[in-house]
Amino acid sequence: MRVFASRCGAALLAAGLIVVTAPPAGAAGRGAPLIPRELDSLGRSPGTLVQLRRGAGREALRQVRAAGGVPVSRGLRLWHVPSTRARLLVPRLALAGALGEFEPERPRSRGGTGPGADPLLVEQHWLARVGADRVEPPGPGVPVTVIDSGLDLEHPEFAGRPDTQALNAQTVAGGREFHGTAVASILAAPSNGLGVVGIYPRARLRSWDASPSGLFSSRDVIEGIDAASALGTGVINLSLGGRSRSRFEEEAILLAVARGSLVVAAAGNDGRNGNPRNFPADLPHVLTVASTDPLDRVSGFSTRDAGTDLAAPGEEIPVAVPLSYAPDGYVSANGTSFSAPIVAGAAAWLWTQRQQLDATQVAELLRRSARDLGPSGRDPASGFGLLDLPHALSAPAPPADPLEPNDDIDHVRPGGLLEPGRQPLTAPASLRAAISARLDTVEDPRDAYKVYVPPGRRVDASLRSRGALVLELW
């Protein structure tokens, strides 16, 4: 896209916005009026997420703390408040002009069907299906964070494992607390002569326990995303999800993308239950992974959705589990939960060996290099196809997609979600600019850009595209 403006010596600045969109849709708004039924919704959850407006004063912070508020994400100005107190707090903050948004905690569940009764498989068939047995993994590099139930740091696979970091306290007690250890083992179990080997055995592995009480909620997931992305560039794995969309979970992912992270999520296991939407997998800027069986067929349980990006093995997967769960520490498992970390580990491996790439290039390279399954091209069952690690390591790098995320005016303006916003494409000393970017109807449906417009002058914008796009000037 090219932007031009006539030169002008005026010192004043007029704001201009250009929005390029794949579907003909406008930008989303914020700050909807408070209505009673929204307050009534808080009774459905014991906890409420409350976002303060940027610049909210000390009195607002005092009220939040007095209501039992606990910080969730400083970058999002987000607090967790017991719902019984939030019903009183939210109207007060709104009247004072200090309230951004609020929503009840969203329930989240593990994205896998859980371990089966099969004994540990002697051979890990999935390594060959994605080509990991044909290439030599690198040493530690780009970190990958597993946001899940806790990691059993005393398991033989992880006891003493180098480059392993717990970002918070890890708990593994309880019948469903095997999940985080299982996911981490697929991703990064070392080559130590024990049990299983992960796709990236020497990865820099981080773990965030998002179920400290045994249950997942959007609050704990948001905290994990924020903690992981605050540490800098890396891959974040989310083998979890739910049917309710969370504004704040989406904002946490957008903030993580802005900080340079790549977010990978399990597609879900509702392929036989009508394929309901699954979040966060169904959000923009998330690399969504479906499951395949040992014959490279999409698993019957794997959720079909237009936002599916890739597929990876998810059936008969040998995994490590806490010793309290299984005496020998290993079981066989099924689910997209166990497909996602294969892709997340491959992404960290690829990024480590090709460090000149950014997150948008890593994701696009994995998609373009995948081995097509089923109908030609992208499809809801397998996305662009089965992960092909050797091809991804050697294929030409796609161009970067600059300034992401910039899906909304709120992402580029000062005082918006991604403070301080984006720099204008043009400037007083440079009134011509050109930018090349990508759009995707699901993953990246809009791009918004700021331009410098001298007072009294006009903007000339031209757009070249391989597909049908809509250009809007604001």
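Analyst: The largest cavity holds about 70 Å³ of space. A cavity is a set of points, on a 1 Å grid over the protein atoms alone, where a 1.4 Å probe fits but cannot get out; its volume is the space filled by probe spheres set on the points, which are joined across faces, edges and corners. Rolling a probe the size of a water molecule over the atoms shows where empty space is left. This is a predicted model, in which local features need pLDDT of at least 70 and side-chain atom pairs count only at pLDDT 80 or more, while totals for chains, interfaces and linings use all residues. Residues are numbered from 1 along each chain as its sequence is written, and side-chain values use heavy atoms, with hydrogens and water left out.

The lining of the largest cavity consists of Ala267, Pro276, Arg277, Asn278, Ala281, Asp282, Thr288, Thr303, Asp305 and Thr308; lining residues have an atom within 4 Å of a point. In total, the structure has two cavities of 30 Å³ or more.

As for the whole chain, 57% of its 474 residues count as buried, meaning under 20% relative accessible area with a 1.4 Å probe and protein chains only. Among its contacts (heavy atoms within 4.5 Å) with a separation of 6 or more, 76% join residues 24 or more positions apart. The protein chain contains eleven helices and 23 strands, which are DSSP runs numbered from the N terminus (helices H or I, at least four residues; strands E, at least two).

Note on methods
Buried means under 20% relative accessible area, exposed over 50%, partly exposed in between (1.4 Å probe, protein chains only). On a 1 Å grid over the protein atoms alone, a cavity is a set of points where a 1.4 Å probe fits but cannot get out, and a pocket is an open set with protein on both sides within 12 Å along at least five of seven lines; lining residues have an atom within 4 Å of a point.
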